[in-house]
Every structure is written in C-alpha cells, then in structure tokens.
Amino acid sequence: MVDVIVFVVAAVIVLGGGLGVISLRNPVHAALSLIASFFGVAVLFILQEAHLLALVQVVVYAGAVVVLFLFVIMLLGVDQSEDVSTEPIVGQRPLAAAGAGLILLLVLGGLFLSGPGGDDGSVALTGQPAAVTPIDDSQNIEQLGRDLFTSNILAFEATALLLTIATVGAVVLVRNQGGEDLVVDDPGSSVR
Amino acid sequence: MEVTATWYLVLSAVLFSLGTFGLLTRRNPLVMFMCVELMLNAVNLSFVAFSNALGDLAGQTAVFFVLVVAAAEVVVGLSIVVALLRRRPDATVDEFVEMRG
Amino acid sequence: MLEAAWLIPAFPLFGFLLILLVGRRLGEPLAGWLGTAMMGGSFLATVTVFAGLLAEEEPERFFIQKIFTWVPAGSFSVDVGFLVDPLSIAMCLFITGVGTLIHLYSVGYMHGDPNFSKFFLYLNLFAASMLVLVLGDNLLLTFLGWEGVGLCSYLLISFWFTSEANASAGKKAFVTNRIGDFGFMLGMFLVFKAIGSINYADIIVEAPGLAIGTATGITLLMFLAATGKSAQIPLFVWLPDAMAGPTPVSALIHAATMVTSGVYLLTRLNPVLAVSEPWTLDMIAWVGAITGLVAALAAVVQNDIKKVLAYSTISQLGYLFMAVGVGAYVPAIFHMITHAFFKALLFLGSGSVIHGVHDEQDMRRMGGLYKLMPITAGTFIIGWLAIAGVPPFAGFWSKDEILLYAFDVNPALWFVGLVTALLTAFYMTRQVILTFFGRTRFFDAHADEIEAAFTGRLEAASAGIQAAREDVVKAQEALDKAKTDLPKRKEAIEKAGASLAEASAAVEASSPEADGHDKLVKALDKATKAVPKAEDAMAKARTKVVDAELAVAAAEQAQVDAAALRREIDAARSNAPAVPQHVTALTPAPDISEFEDAMPDSYRARQEYHPHESPWTMTLPLVALSGFAIVAGGLNLPFTKDLHFLEHWLEPSLFANEHHLTASAATKWILAAIAIAVGLVAIVAAFAVYLRGSRRPESIENPNLGLAVAYDRAIATFAGGPGTEAFESAAWFDENVIDGAVDGVPSLISGTAGQARGLQSGFVRFYGLVVVLGTGVLVVVLLRSLVL
C-alpha cells in the first residue's frame with residue numbers, strides 16, 4: 001500500500017515536472033521543473049531497489065547537469081521568456097502532437113498487446129531468454145560495482161574516455177576565437 | 001493492489017511522449033535540451049522497471065551508462081549551444097536555417 | 001626484313017613531328033631536305049620489305065605486323081597492324097618513290113615562300129596518312145588514313161589561304177570527300193554487321209559466304225566512297241578546283257596517290273565485289289567509262305595548263321574504274337602505276353613551266369618554250385607520249401590492257417574507252433603544242449593591257465580637250481578686255497584733238513604780249529604732242545585687238561584638234577587588235593605598234609623577263625620520272641606469259657577474281673593496232689589544227705564540250721540556293737529538336753530537384769518532426785512482424 005502511495009506521488013511529481021518543462025515560458029522555470037522531475041524519478045528508483053542509481057541520478061542529473069544548464073542560461077542571457085503562443089512553422093504543433101501521440105500509442109500498444117511471457121521470465125515481446133546477470137541479495141551498490149568492474153570493465157573504461165573527450169571538446173568549442181570575449185550578460189536586463 | 005512493472009512502463013511511455021512533444025514544440029535551444037533529458041529519464045525508468053521485473057542487473061548497468069553518456073552529451077551539446085548563441089544571443093532554433101535548400 | 005613494315009609510315013610521321021617542333025627554326029631549305037630525307041627513308045624501308053616479301057614463297061606472301069590493340073571493346077577488337085602483301089607493297093613502292101621525288105621538287109618549287117616548312121609538314125603528314133591507308137590491316141585503319149589524306153588535301157589545297165578562291169577550293173574538296181566518307185563508314189558498319197570483324201584477313205575468308213544483297217550493299221557503299229576520293233561522277237567536282245594548291249600538291253595528291261585510294265579500296269575488297277550482284281560491277285565500269293569520256297571532253301576546252309591535267313586525271317581514273325568494273329584488277333593496278341609516273345611527270349613539268357614563265361598559267365600566253373626550257377620540254381614530251389598511248393612508252397601498255405579486257409567483257413565499253421583515248425591524245429597534243437612550240441606568245445599584250453593603253457590615251461585626250469577649252473575661254477576673255485580699250489583710246493584721241501583745237505584757238509586769240517601767252521603756247525605744244533601719242537595708243541590698242549582675235553582663233557582650232565584626236569583614238573580603239581580567245585601555235589601577236597608607248601607597266605615588266613629553266617631540284621625529279629615513264633611498261637608486257645611480272649606478283653592478293661580473257665591473240669593485235677592508229681590520228685589532227693592552222697581552233701573548242709564544267713556549276717548553284725535552305729533546316733532540327741531532347745533531360749531532373757528542395761526548410765524542428773514520424777512508421781512496420 002505504501003508503495004502505491006509513494007508511486008503515485010512520485011509519478012505526479014515526475015509528470016508535473018515534465019509538463020512544466022514543456023510549457024513554462026521562462027527557461028529558468030523550466031530548469032527548475034526539470035529538477036523536480038529528476039527528484040521524482042530518483043524516488044521511483046529507490047522504490048525499485050536501485051539505490052545507487054537513485055544516488056547517481058540526484059548527484060549527476062539534478063546536481064550537475066541541470067546546474068550546468070542554469071549556468072549556461074545565465075551566462076548567455078537567454079533567460080528571456082519564449083513566446084510559446086505562436087508557432088512559425090505551419091502545422092508543427094498538430095503534427096508534433098500527432099507524432100508524440102503515435103509513439104505513446106505504439107509503446108502502450110506494444111506493452112499491452114504482447115502475449116504472456118514464458119516460464120523462464122522472458123517477455124513475449126522479444127522472446128529473449130531471461131536474466132543475464134541475476135540480482136542477488138547483496139547490496140545494490142555492491143552488486144552494481146562488481147558487475148561494472150568485471151563484466152563491463154571495457155565499457156566502463158570507454159565511458160571514462162568518453163567523458164575526457166567530451167570535456168576537451170567542450171573546451172575547444174567554447175574557446176575564444178581571436179580574442180573575442182564571451183558575451184557578458186547585463187544582470188539588470190534579466191530582471192522582469 | 002501492487003505496483004507492477006506495467007505501471008512504471010506506462011509512466012515511462014507518457015514521460016517519453018511528453019518529452020517528444022516538447023522537443024518539437026519549444027524554440028529555445030536550452031529548453032529543447034531539457035526535453036531530451038526528460039526522454040532519457042523516461043528510458044532510464046523503463047530500464048530499471050525491466051531490470052526489476054526480470055531480476056536482471058543488466059538493466060541497471062545500462063542505466064548507469066546512459067546516465068554517464070547523457071552527462072557527456074549535455075556537456076558537448078551545451079558548448080555547441082554556447083558557441084552558437086554567442087553570436088546571436090536572442091536567437092531561437094528557427095533562426096539557424098543555413099541548411100535550407 | 002618484313003619486320004621493317006612499321007617503318008614505312010613511321011618515317012614520314014616522324015618527319016611530321018620533327019618539322020612540327022623545329023621546322024620553323026630550321027627554315028628554308030633544311031626543313032625541305034628533312035622532309036625529303038624522311039620520304040627517302042620510307043622508300044628504303046619499302047624496298048627492304050619488298051625484298052623480304054620476294055624472299056618468301058608465293059602463297060606465304062601475306063604478313064600482318066601488329067603494333068598494338070587500338071580498340072579492345074569485347075567482341076569488337078581493332079588492332080593497329082600493317083598488312084604486307086603484294087598489293088600493298090606495290091602501292092607503297094610507287095607512293096614512296098614518287099613521293100620522294102616530289103618532296104625534292106618542292107624544295108625548288110616552294111623557294112621563297114614564307115610558309116616553306118609548313119608545306120613539308122603537311123606533305124609528310126599526307127605521306128604518313130596515305131601509307132597507313134594502304135598498309136592498314138583493317139577497314140578502320142584504312143579509314144583513318146582515308147580521313148588523314150582528306151585532311152591533308154584540304155590543308156594543302158588551301159595552302160595560300162589568304163586568297164578567298166583557294167580557301168573555298170579546299171573547303172569544296174573536303175566537303176565533297178566527306179560525302180564519300182559517309183559511304184565508307186556505312187560500308188564499314190555493314191561489313192562488321194555481316195562478318196563480325198573488319199580485318200581484311202577475316203573479310204577475305206568470310207567474303208564468299210556473304211549474302212548477295214549484303215555484298216552488293218557493301219560494294220555500292222564503298223564505291224560511293226571511291227567516287228568521292230577518286231573523283232568520279234558524281235563527286236569529281238572538287239578536283240579541277242583543287243588546282244588552286246601548289247603544283248607539287250597537285251602532282252602528289254591529285255595525280256599519283258590520294259586519288260588512287262578509291263581504286264585500292266575496291267581492289268582490296270575484291271572478294272566482296274566478286275559475290276555481289278553482277279550489275280554493280282557493270283555500273284562501276286560504266287561510271288568509270290562515262291566519267292572518262294566527259295572529263296576528256298572538258299579537257300579539250302580548258303586553257304589553264306593545270307586544269308587540262310586535272311580533267312585528264314579524272315579521265316584516267318575513269319579508266320581505272322572501268323578496269324575494276326570488268327574485273328581487270330591487274331591492268332587497273334598497272335595503269336595506276338604508269339599513270340602515277342607520267343601524270344606526276346606532267347604535273348611537275350607544268351609546275352616547272354609555271355615557275356619559268358613567272359606564274360603564268362594560261363596556255364594561250366605560252367608557246368615557244370622548247371628552246372628556253374629544254375629539260376622541262378623534253379620530259380614533258382615523254383610524259384605526253386606516255387599518256388597519249390604511243391608505244392613503247394608506259395601508258396600504251398597499261399591502257400591497252402584495260403581496253404583489251406573491256407572489249408572482252410563489253411565492246412561498247414571498249415568503244416567509249418577508245419573515244420576517250422582519242423580525245424586524250426588530242427588534248428594532250430594541243431597542250432604540248434600551245435605550251436612549247438610556235439611563237440613565244442609570252443611577250444604578247446594581254447587584252448586588259450591593250451584596253452588599259454587605250455584608256456590611258458583616252459584620258460590624256462580628254463585632258464587635252466579640257467585644257468583646250470580652258471584656253472579658248474581665256475583667249476576670249478583677253479579679247480574682250482582688249483576690245484574694251486578701243487573706245488577709251490578713241491575718246492582719248494578726240495579729247496586730244498579737242499584740246500589741240502582749243503589750245504590753238506587760245507593761242508591765236510591771245511596776243512604774244514599777253515600774260516598767259518607763253519603758257520598758252522606751252523599748252524599748245526603739249527596738246528600738239530598729245531595728239532600723235534593718242535593716235536599711237538589707238539594703233540597699239542587695235543593691234544592688241546587683232547592679236548587677241550588671232551589667239552582666240554588659235555585656241556578654238558586647238559580645241560577642234562583635241563576633239564579630233566579623241567575621236568581618232570576612239571576609232572583606233574574600236575579597231576584595236578583583239579586578243580584571240582582560241583589560239584594556235586601560229587596565231588600572230590596583236591599589233592600594238594601604234595600605241596606601244598601607252599602600254600601599262602605590267603606589259604613593260606614582262607618584256608624584261610626571260611623565261612628560264614628550273615633549278616636542278618626541280619629538273620632532276622622530272623628526268624627520273626620520265627625514265628620511269630619510258631620503262632614502266634616492262635612491268636607487264638603482254639607478249640608472253642613470262643613477261644607478266646605484275647600479274648604474277650599481284651596474284652595472291654586477287655584470289656582468282658581476275659576476269660579471264662577469252663580473246664584470241666589475233667584480237668589482241670588488232671585492238672592494239674586500232675588503239676595505236678587512233679592515238680596517231682588524234683596527234684596528227686591536233687598538229688594540223690594547232691601547229692599548221694588547217695582548221696580554226698574555235699570549231700574544235702566548242703564550249704558545249706564542257707559538260708563537266710556545267711555540272712560543277714549546277715551543283716554550286718544548288719548548294720548555294722535551295723541546298724543551303726535544306727542544310728539550314730537540318731541544322732535547325734539538330735539544334736532544337738535533338739539537342740533540345742538531350743538538354744531537356746537534365747532540365748527536367750533539375751526542375752524536379754528544385755521542387756524537392758522545399759523539404760529542406762532549414763528548420764531543425766521540422767527535421768525533428770520528420771524523424772519522429774518516421775520512427776513511428778518504422779516501429780509500426782517492425783512491430784507488425786513481431787506482434788502479429
């Protein structure tokens with residue numbers, strides 16, 4: 001019972017945050033909605049016994065990524081409200097709704113229209129065999145750590161390399177070209 | 001009543017489609033990026049739901065990697081956005097039409 | 001030794017490249033010696049290959065030297081290869097031999113021309129092309145040479161292209177040849193379609209198996225090509241105009257080599273000719289015969305020394321085609337060889353004459369050159385005897401063979417050939433007489449010069465009349481002026497008389513003691529003296545008047561005289577000596593003694609000129625060629641089988657397609673006798689008309705004989721008038737319809753693409769939308785297979 005209540009509350013927070021992201025005019029407000037959504041997702045992770053992931057979700061996503069977003073918003077001064085009432089591209093809104101709706105229908109359809117799973121726990125949709133790495137009774141962090149550093153060590157190292165490359169790339173991309181300064185935002189103008 | 005995997009999956013689907021709609025509708029590049037993050041989160045949710053349902057840790061490992069790669073992607077993507085918006089601070093995505101034709 | 005075959009065309013080709021690079025720097029005469037040396041090298045290579053071929057046994061005399069594969073296109077593979085067999089070597093021998101002599105001649109003939117090295121450039125290229133034509137082992141290589149000689153013919157005819165007439169002549173030759181080339185190409189395609197290969201080796205093997213219709217088609221198409229290149233009806237019109245080029249060009253290309261390529265082609269393809277319908281060969285023979293006759297008729301009325309030879313060439317080529325048409329290939333090649341010698345000799349001789357008489361080409365203005373240019377005259381006479389068919393010179397033997405075979409197949413053909421031989425002897429004799437014998441008409445006044453003399457005098461007389469008129473007017477004025485003096489003087493006298501009377505009266509009236517008496521006396525003296533003075537003045541004035549009247553009379557007389565002079569000149573002009581249109585050796589010079597001093601400068605300059613013999617570079621080839629013209633008959637003497645050297649030599653190339661004579665020995669003797677008699681009759685008749693003046697030349701040189709010339713003019717009118725409209729509409733069709741269709745395809749594509757560009761709106765969100773929708777479609781497609 002408690003699970004249900006927690007789920008419902010968390011789900012409401014997640015969806016509310018999502019709706020906020022897509023509808024709020026001010027990007028700063030949207031970023032804050034995003035944080036709310038992330039928190040909701042973290043709660044749902046904990047509900048599913050994925051403790052490390054919840055931790056990482058909060059620390060990395062809510063704590064780093066969104067903060068980075070806010071930094072950029074403030075740095076570039078793009079925190080002016082966007083005009084969401086008009087749509088310059090003809091037919092974009094209805095078609096976008098149609099597209100999103102189509103994907104929703106497809107996923108839900110695939111979910112509900114697929115047959116029952118096999119005895120070994122496989123899901124009928126894919127027919128793949130069951131668990132490659134079964135979850136045991138030890139701590140989630142321990143399991144995850146063991147799995148990462150043994151079976152998926154290559155991917156782990158590659159990801160580390162990826163992060164390095166991303167950092168270098170970011171530095172290169174934003175480097176000053178010929179002594180031009182970053183646009184310095186006038187703080188007074190951002191107040192509405 | 002029990003919270004089955006299906007509930008999570010439905011939530012994930014709804015969140016994903018919300019993110020899609022927002023991506024196609026918003027014009028501020030940063031907000032578009034946030035919608036992409038929403039979509040990634042939805043996928044993460046479904047991964048964890050399946051991991052829980054199947055008793056397979058691989059789902060959570062996948063989420064881990066998705067998280068890391070998403071972070072790296074945000075880094076690079078935002079630096080591109082910064083480079084673009086430096087020249088035209090008030091621009092929306094619709095104003096970058098050099099690929100027309 | 002047979003391996004040297006590739007050197008035969010390589011030498012002149014190398015010469016061409018060398019002169020192209022350094023010719024201008026080498027200049028005169030080195031470029032000329034280089035060209036000649038290259039041709040000489042080619043001749044030596046030919047002799048080497050000939051020796052190699054002689055060393056082989058008769059059936060083995062068929063050697064192909066492949067150089068490289070030119071078009072390796074699957075089933076259609078064409079090599080650059082040289083076919084060495086008796087026919088091609090026979091042709092190469094006289095091409096290179098005569099070619100070398102003509103190159104040597106050109107060194108002397110083109111002396112002083114600013115484009116000296118360019119001439120040898122073109123000559124060498126021509127030689128290379130001609131040798132490729134003859135030596136090629138497949139139709140495509142022959143066609144390459146064919147086109148090459150056509151090009152060089154154009155370049156060389158238009159060598160002095162700054163004159164409009166020369167440029168047009170070159171174009172005419174090229175365009176007319178092109179019509180023939182069209183036939184060649186179609187024939188080549190037909191051969192490939194029927195046999196699957198265009199190598200002569202394959203054609204020879206497969207020819208007997210050809211369908212009769214296909215063989216006829218090939219023969220007719222190749223014959224069209226031959227009529228173009230070898231100047232037969234209907235495409236001969238370019239050859240007389242081609243005389244606009246320098247004489248060595250006329251000798252080499254339009255006498256000895258290029259014009260024989262048509263006959264060579266037909267001879268090379270004799271297996272195909274043998275299996276075509278019989279009427280095709282008859283047609284070839286008759287076309288040749290008629291062409292020979294028409295051209296010979298036209299040659300009788302030509303006055304340009306080179307045009308006579310041009311029509312003569314067309315006529316002799318007609319003989320060759322007649323021979324091919326009756327299956328007499330050996331006589332055709334035999335006559336081709338002897339014709340190369342004596343026609344080149346005649347052309348080079350005429351070039352020497354032209355050079356000697358300071359570029360005069362009208363035979364009516366030559367004459368008496370026998371003493372002034374003995375070597376030229378002697379060699380030219382040998383050439384004349386050869387072409388007229390006088391034994392033992394070469395032309396008799398070869399022409400007689402042709403006539404014999406013609407009689408054997410169709411006596412009507414023989415008769416036409418005989419008439420042509422008569423005309424040939426006649427017009428050639430006429431040419432020799434007018435050019436070399438009789439009075440030297442070179443110094444005679446030309447019609448335009450006489451006209452200019454009279455015009456000059458008339459102008460002077462008119463000026464005289466004008467001056468006289470002015471004099472009269474002046475004299476009249478003086479008279480008037482003198483007359484006006486008279487009344488004045490008279491008045492003066494009266495005044496003087498009146499003063500005298502007054503003074504006397506005054507003196508008488510006054511007494512001597514009066515004051516003014518002295519003055520009055522003085523006045524009386526003065527008045528007394530004044531009277532005679534006034535009378536003197538009156539007398540002078542009268543004299544003046546008389547003089548003035550005399551002057552007026554004189555001036556008027558002068559005016560009358562001037563008018564009379566002018567009338568006299570006019571009368572003299574209408575009685576002026578006419579320059580005759582038709583001359584003989586005896587025609588006297590127009591009498592210009594009365595007005596010789598009024599002749600223009602061109603006449604005077606000519607009187608200073610001395611016609612002279614040409615330098616050794618020109619006379620040596622003449623002597624060499626005349627030697628050949630004398631002995632070449634020995635190639636194929638008819639007396640016994642053993643003397644038929646040429647026939648035995650060419651047998652392997654002819655695959656027994658030669659017509660077999662059925663005439664008896666007696667027939668041969670009789671025909672030979674008739675031919676000799678006819679030739680001698682013609683020569684005697686020509687002597688009678690032109691050297692003795694027994695008949696007036698106008699009766700012979702009826703302009704109606706110039707059928708060929710009329711045909712030429714008709715074609716020109718057509719091409720200029722309705723022809724041009726047809727050509728322009730064809731060009732319009734090609735430009736707009738065909739090119740329009742070809743250009744339309746890319747326009748259509750680019751138009752469609754332009755429409756499709758609309759999808760690339762540039763908006764990222766639109767692209768994202770398309771991605772999402774596309775993903776949805778993809779998922780649907782994938783899910784269908786998985787779920788359902």
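Biologist: Which helix gives the largest share of the lining of the second largest pocket?
Modeller: H3(C), with eight residues. Keep in mind that this is a predicted model.

Biologist: Which other helices of chain C supply at least two residues of that lining?
Modeller: Besides H3 (86-109), they are H2 (30-55), H15 (329-356), H23 (616-631) and H24 (645-654).

Biologist: What makes a residue part of the lining?
Modeller: An atom within 4 Å of a pocket point. The second largest pocket has 19 such residues. Nearest its centre lie Ala90(C), Leu93(C), Phe94(C), Phe341(C) and Phe628(C). The volume is about 500 Å³.

Biologist: How is that lining divided by class?
Modeller: It has 17 nonpolar, two polar and no charged residues. Phe, Leu and Ala count as nonpolar, so the five residues nearest the centre fall in that class.

Biologist: Now chains A and B. How many residues does each give to the contact?
Modeller: Chain B gives 67 and chain A gives 85. Together the two chains bury about 6,900 Å², 75% of it on carbon and sulfur atoms. In chain B, Arg26(B), Met34(B) and Arg86(B) lose the most area to chain A, together 11% of what that side buries.

Biologist: Which helix supplies the largest share of chain B's side?
Modeller: H3(B), with 24 residues. By class, that side has 46 nonpolar, 14 polar and seven charged residues.

Definitions and conventions: Residues numbered from 1 in each chain as written. Chains lettered and ligands numbered in written order. Predicted model: local features only at pLDDT ≥ 70, side-chain atom pairs only at ≥ 80, totals over all residues. Heavy atoms only, no water. Contact = heavy atoms within 4.5 Å. Buried area = accessible area lost by both parts, 1.4 Å probe. Helix = DSSP H or I, 4+ residues; strand = E, 2+ residues; numbered from the N terminus. 1 Å grid on protein atoms, 1.4 Å probe; cavity = no way out; pocket = protein on both sides within 12 Å on 5 of 7 lines; lining within 4 Å. Points joined across faces, edges and corners; volume = space filled by probe spheres on them.
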